[in-house]
Amino acid sequence: MAVSSSLILSPSHFNFIANNKDINKNLSFLSANPLIFNISSKPTNINKGSSIVLCSYKSGSGLTAEDKRVLRERYGFDPNEYISEAKNERIKEGKKQGKGKELVAEEEARVHRTTHKLLQVLGGKAKRKKLLSPKGMDVRPMMEVVKGAAFDILQAADGCPASLRPGRWLDLYSGTGSVGIEAISRGCSETHFVEMDPWVVSNVLQPNLEWTGFLDASVIHPVRVETFLEQADRFSGNGPFDYISVTPPYTQVDYGMLMSQISKSPIVGENTFIVVEYPLRTDMLDSCGCLVKIKDRRFGRTHLAIYGPKWAQKKRKSDKTLQNTT
């Protein structure tokens, strides 16, 4: 296939021969530069196994990011590959100039983010309703098998296997809101969601609350978890929460510091239950303030720890004894 140059004049013209194995690299070059060209089906006398691309370079014209994406997609290559490479180069250059953090935030904002419906509510009033979640790994919702187990354990420990008792739930690192929404669906009267990503709040969390009909029973705090814990009296208002879920991005938190901060915060009361999702090879203490660990389960590389009041631990032991005798 030959690609003929356009009629637009430009300061410089060039030809290059692309072997099949180098076509991806050359198309990255095409994507990186504002090129205008027409595709010709007329065959040319070239060596077998090679293709000639004649290009016109128009200085300062500039293709949009979407044009570059379409160009790469048209030729059967990953449309995001060049964008990722260019982004990393800009961040590296920015770090040399002392602008690393600002550029990282700017580049993240440029990424085209989309959603899909892979999650669902597992029980209660909104059972089987599908929930939005972002594509990719920037937000990692709790696996449904882990979420289901967490609520089963909580309901049994709280003395009401069919549902949660009415109370307030705090969903830290809420992301999609999947855990907090499950809590409202199963009986909680109010849930507070703490999520710092404005795109996730407006495009995922809030639509999920509207879709399930739980927006009126929800309070969204678009702040960092650390900020929320430091100013818990101002944000939460009505004393300790009945339930707290902690599902942070594994690699971005120190679990020891996080749990210490939570244990000293006024959000925790003597009858609070705390659900913590954590990765393999993480040491979790047997207590969190006045609360004790009542359950610790493993799901592949994911662990689930549940802390609660001492009476809940005693109740679980007495239930096991009763089961063994019967």
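## The β13-β14 hairpin

β13 and β14 form a hairpin with two residues between them. Gly300 sits in the turn and has a positive phi of about 65 degrees. Strands here are DSSP E runs of at least two residues, and helices are H or I runs of at least four, both numbered from the N terminus. This is a predicted model, in which local features need pLDDT of at least 70, side-chain atom pairs count only at pLDDT 80 or more, and totals for chains, interfaces and linings use all residues. Residues are numbered from 1 along each chain as its sequence is written, and side-chain values use heavy atoms, with hydrogens and water left out.

β13 covers residues 291-299 and runs antiparallel to β14, joined by seven bridges. Two strands pair if DSSP finds at least two bridges between them. Lys295 stands opposite Ile306 in β14. Val292 has Gly308 of β14 as its bridge partner.

## The β12-β13 hairpin

β12 and β13 also run antiparallel, joined by two bridges. They form a hairpin with two residues between them. Gly289 lies in that turn, with a positive phi of about 65 degrees. Cys288 stands opposite Leu291 in β13.

## The sheet

Which strands make up the open sheet, and in what order? Eight strands take part, in the order β9-β8-β7-β10-β11-β14-β13-β12, with mixed pairing. β9 (218-221) and β12 (287-288) stand at the edges. Each has a single partner strand, so one side of each is left without a neighbour in the sheet. In a regular strand the side chains alternate between the two faces of the sheet.

α10 lies across β7, β10, β11, β12 and β14. It runs at about 170 degrees to β11. Axes are lines fitted to C-alpha atoms, for helices over the stretch in contact, and angles run from 0 to 180 degrees between N-to-C directions.

## Nonpolar cores

The largest nonpolar core has 27 residues. Such a core is a set of buried Ala, Val, Leu, Ile, Met, Phe, Trp, Tyr and Cys residues joined through side-chain atoms within 4.5 Å. Buried means under 20% relative accessible area, exposed over 50%, and partly exposed in between (1.4 Å probe, protein chains only). Among the residues with the most contacts inside this core are Leu172, Ile244, Ile267 and Tyr307. Elements that each supply at least two of its residues include β7 (168-172), α8 (225-230), β10 (243-246) and β14 (302-308). α10 gives the most, with four residues.

Ile267 touches residues including Leu170, Phe228, Phe241 and Ile262, not counting residues up to four places away in sequence. Contact means heavy atoms within 4.5 Å. A second, separate core of 22 residues includes Ala149, Trp169, Phe299 and Ala312.

## Cysteines

How many disulfides does a search of the whole structure find? It finds zero. A disulfide is a pair of cysteine sulfur atoms within 2.5 Å. For Cys290, the nearest cysteine sulfur is that of Cys288, 8.2 Å away. Cys290 is partly exposed at 45% relative accessibility. Cys160 is partly exposed too, at 30%.

## Whole chain

The chain holds eleven helices and 14 strands. Of its 326 residues, 42% are buried. Among contacts between residues at least 6 apart in sequence, 64% join residues at least 24 apart.
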